[in-house]
Amino acid sequence: MRSNPFCVLPMSIIFGIEGTAWNLSAAIVDENDVLAETTATYRPASGGIHPREAAQHHASHIGKVVRETIKKGGRNIDAVAFSQGPGLGPCLRTVATAARALSLSLNVPLVGVNHCIAHIEVGRWKTQASDPVTLYVSGANSQVLAYRAGHYRVFGETLDIGIGNALDKFARSVGLPHPGGPRIEELAKEALQYIHLPYTVKGMDFSFSGLSTAAQEAHKKHALPDVCHSFQETAFAMLVEVTERAVAHTGKKEVLLAGGVGANMRLRQMLGMMCEDRGIEFYVPEKRFMGDNGAMIAYLGLLMFKAGYRTQVPDSRVDPDFRPDEVVVKWR
Ligand code: AMP
Ligand code: MG
């Protein structure tokens, strides 16, 4: 730890590694800023993410990614944080192995963190959001979360695939390259009409698999821009509905958007309108902090390290199904 001239408390410096899916990213942060970050992205030659290929990509790049990050900002590191889950098993194991090795060689503690909570905490760090309902929408995950009584509770989530994977799956089926989300957003702007697609909200949960298949079917009869537009309108309305109900239930005054699908301007517009109607604040972090990034893992590692969390090597095995509500939150 080093001392901060403006503060009596010592500053911590944490090294973090993310690699739950296609982005391998390492970063060093302190309380104020991201001191260094290096990312290597796996891009499948064709089709979607292949877990073993992605893990091989991470294994072959991790040495360079870690070395470069240390070279850019690696002084006085207090702990090594890594994403322990949820994510693709082979990818998680590669990152955890590197994190254990680094923590042993630097002789500093290891802190295993939950990837979903890292998205929320980096959002709170990088925006003015203090106690938001978070809509976390990525390739594999889609969840509505909010803090209550020592846990980040999951108020609603997908019953099958994440919204990003649903968009990517549909995109692939109509011949668009991976990742399909950004291309669908572009095509949707050329739409002339809305086509009815299945809207599935069950209780507080949603489902996207049927929507993706129905969109593939619809494309046999309708123009691609119309189907892209209708897919977005239907899926995003489901996400906004559940987010709004979580806001109404919790009485929270803020909404935070997180995850790679949060780059979508139509989704932002729809959530923004809901927040405006309810007179609450809507926060969207800078794009680099929305998709998977090393800084978010390092930053949650920092919060947890300062609150006394340490992960012993026998407890550092990864958990592909690690739920955010399992974590006892002692840093808030
Ligand atoms: P993540 O898993 O958080 O890294 O996010 C990756 C997912 O975000 C992929 O499924 C992409 O298709 C999706 N995505 C990225 N940009 C956009 C966009 N503009 N609109 C919709 N989805 C997007
Ligand atoms: Mg993510």
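User: At what angle do the axes of helix α6 (residues 209–218) and helix α7 (residues 224–250) cross?

Analyst: In this predicted model, the two axes come within 10 Å and cross at roughly 160°. Axes are lines fitted to C-alpha atoms, for helices over the stretch in contact, with angles from 0 to 180 degrees between N-to-C directions. Helices (H or I, at least four residues) and strands (E, at least two) are DSSP runs numbered from the N terminus.

User: Why are α6 and α7 called roughly antiparallel?

Analyst: Angles over 145 degrees count as roughly antiparallel. The α6/α7 crossing is at roughly 160°, and the two helices are therefore roughly antiparallel to each other. Their crossing is also right-handed, meaning that the near helix is turned clockwise from the far one by less than a right angle.

User: Which residues make the contact between α6 and α7?

Analyst: On α6, Leu211, Ser212, Ala215 and Ala218 take part, and on α7, Val227, Phe231, Thr234 and Ala235. Contact here means heavy atoms within 4.5 Å. By class, this contact has six nonpolar, two polar and no charged residues.

User: What makes β10 and β14 edge strands?

Analyst: β10 (151–157) and β14 (281–283) each pair on one side only. Pairing requires at least two DSSP bridges between two strands. The open sheet has five strands in the order β10-β9-β8-β13-β14, with mixed pairing. Its neighbouring strands are turned by 25° against each other on average, direction ignored.

User: How do you know that β8 (residues 133–137) and β13 (residues 254–258) pair, and in which sense do they run?

Analyst: Four bridges join them, and the two strands run parallel.

User: What makes a residue a donor to the magnesium ion (ligand 2), and which residues coordinate the ion?

Analyst: Donors are N, O and S atoms within 2.8 Å of the metal (3.2 Å for Na, K and Ca). His115 (NE2), His119 (NE2), Tyr136 (OH) and Asp292 (OD) coordinate the ion at 2.1 to 2.4 Å. Along the chain, the donors follow the spacing H-x3-H-x16-Y-x155-D. His115 lies in helix α3 (residues 115–126) and Asp292 in the loop between β14 and α9 (294–306), so this pair ties together parts 177 residues apart in sequence.

User: What conventions apply to numbering, confidence and atoms?

Analyst: Residues are numbered from 1 along each chain as its sequence is written, while chains are lettered from A and ligands numbered from 1 in written order. Local features need pLDDT of at least 70, side-chain atom pairs count only at pLDDT 80 or more, totals for chains, interfaces and linings use all residues, and side-chain values use heavy atoms, without hydrogens and water.

Key. Angles under 35 degrees count as roughly parallel, over 145 as roughly antiparallel, 65 to 115 as roughly perpendicular and the rest as oblique. Ala, Val, Leu, Ile, Met, Phe, Trp, Tyr, Cys and Pro count as nonpolar, Asp, Glu, Lys and Arg as charged, and the others, Gly among them, as polar.
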